[in-house]
Amino acid sequence: MNKQFADDLRQDLAGGLAAEWAEMYALDAVSEEERATLEDYISAASPETREAFNARVRSTRETLAQAYATQEDEPPADLFARIVANLPAEEVSSPASPVTGAGDELAARRSARRTQSPAGRWLLAAAAAVVVAVGGVTVAQNLQPSSIQEQVLQAGDVQREQIAIGDTGTAELAFSESRDAAVVTLDDVPAPPEGKVYQMWRLPADGASPESLGTMTGEDVAHTELEIEGIRTYSGLAITVEPEGGSETPTLPIVAQIPFDA
């Protein structure tokens, strides 16, 4: 068993993400040992987990069967190598900026997606090869790597909490220690006073100074989903009202505090 794939498999199974391996299983892109590990896990899993896994296996096999029934052209010998060469490089996230430019970072987090795992990059390349080989069928749609939000919500250790903000607003938290990430959904939060913005802070568990994740306008907090990675060394999040442009340190009182211990 490839050690890197083996580590990925163990981590995903521990996080309740067996379904992420369904396409590789269906494509016979796993070793005998990995196949046995997956089958043992699925056989002992809940009915919901088994059905989710088996449904994705069926969907992949049906799509491939339909595709090859309509188009059997052989791909060029160097196709796979060319696809792999054109895959995007891994992104390395930088630490949160405590002050200026934090708003841009928070905006980026709203639409951020996780860096692809080795298995995810292999699957994307394999899917692209199949699409080119069989004339543009939709196999690749089923093989895209999942977002941070999907990872967190599907994790076996996901925890949830809902915090009231003002008279009408809510902050819904979902976080997973195994995925080292959280998703915060803000809904119907009252707009800040004129000339003010909300600012979100990450709270270090060791009591160090809060770290700014950026600012949010009234439009942002009417409904927004924030994907936040690297939560293991933090106790939670806090939201304050600050002057436009944000502040270097939180201005009390705190509007809402969202702990990572639901």
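Leaving aside its neighbours within four places in sequence, Phe260 touches Leu173, Phe175, Ala182, Ile231, Tyr234, Ser235, Gly236 and Leu237, where contact means heavy atoms within 4.5 Å. The model behind this description is predicted, so local features need pLDDT of at least 70 and side-chain atom pairs count only at pLDDT 80 or more, whereas totals for chains, interfaces and linings use all residues. Residues are numbered from 1 along each chain as its sequence is written, and side-chain values use heavy atoms, with hydrogens and water left out.

Phe260 also belongs to the largest nonpolar core, which has 23 residues. Such a core is a set of buried Ala, Val, Leu, Ile, Met, Phe, Trp, Tyr and Cys residues joined through side-chain atoms within 4.5 Å. Buried stands for under 20% relative accessible area, exposed for over 50%, and partly exposed for the range in between, using a 1.4 Å probe and protein chains only. The residues with the most contacts inside this core are Val184, Leu186, Met200, Leu237, Ile258 and Phe260. At least two of its residues come from each of β1, β2, β3 (181–187), β4 (196–204), β5 (211–216), β6, β7 (234–243) and β8 (256–259). Another core lies apart from it and has 14 residues, among them Trp21, Met24, Val30 and Phe53.

The secondary structure of the protein chain comes to nine helices and eight strands; helices (H or I, at least four residues) and strands (E, at least two) are DSSP runs, numbered from the N terminus. Of the 262 residues in the protein chain, 42% are buried. Among contacts with a separation of 6 or more, 66% are between residues 24 or more positions apart. The accessible surface of the protein chain is about 13,600 Å², and carbon and sulfur atoms account for 49% of this area, as given by the Shrake-Rupley method with a 1.4 Å probe, in which only the protein chains shown count as cover for residues.

The strands can now be taken sheet by sheet. Four of them form an open sheet in the order β1-β2-β3-β6, with antiparallel pairing; two strands pair if DSSP finds at least two bridges between them. β1 (159–165) and β6 (223–229) stand at the edges with a single partner strand each, so one side of each has no neighbour in the sheet. Neighbouring strands of this sheet are turned by 15° against each other on average, direction ignored; the axes are lines fitted to C-alpha atoms, for helices over the stretch in contact, and angles run from 0 to 180 degrees between N-to-C directions. Seven bridges join β1 to β2 (residues 169–176) in the antiparallel sense, and Ile163 has Ala171 of β2 as its bridge partner.

β4 and β5 form a hairpin with six residues between them, and Gly207 in the turn has a positive phi of about 85°.

Several loop residues deserve a look as well. Asp180, in the loop between β2 and β3, has a phi near 55°, a positive value in a residue other than glycine. Asp180 counts as buried, at 19% relative accessibility. In the loop between β7 and β8 lies Pro253, and the peptide bond from Leu252 to Pro253 is cis, with omega near 5°.

Finally, Gln151 sits in helix α8 (residues 148–154). This glutamine, Gln151, is buried, with a relative accessible area of 7%. The side chains of Gln151 and Arg179 are joined by a polar contact of 2.8 Å. A polar contact is a pair of N or O atoms within 3.5 Å; within protein, one must be able to donate a hydrogen and the other to accept it, and residues adjacent in sequence count only if both atoms are side-chain atoms.
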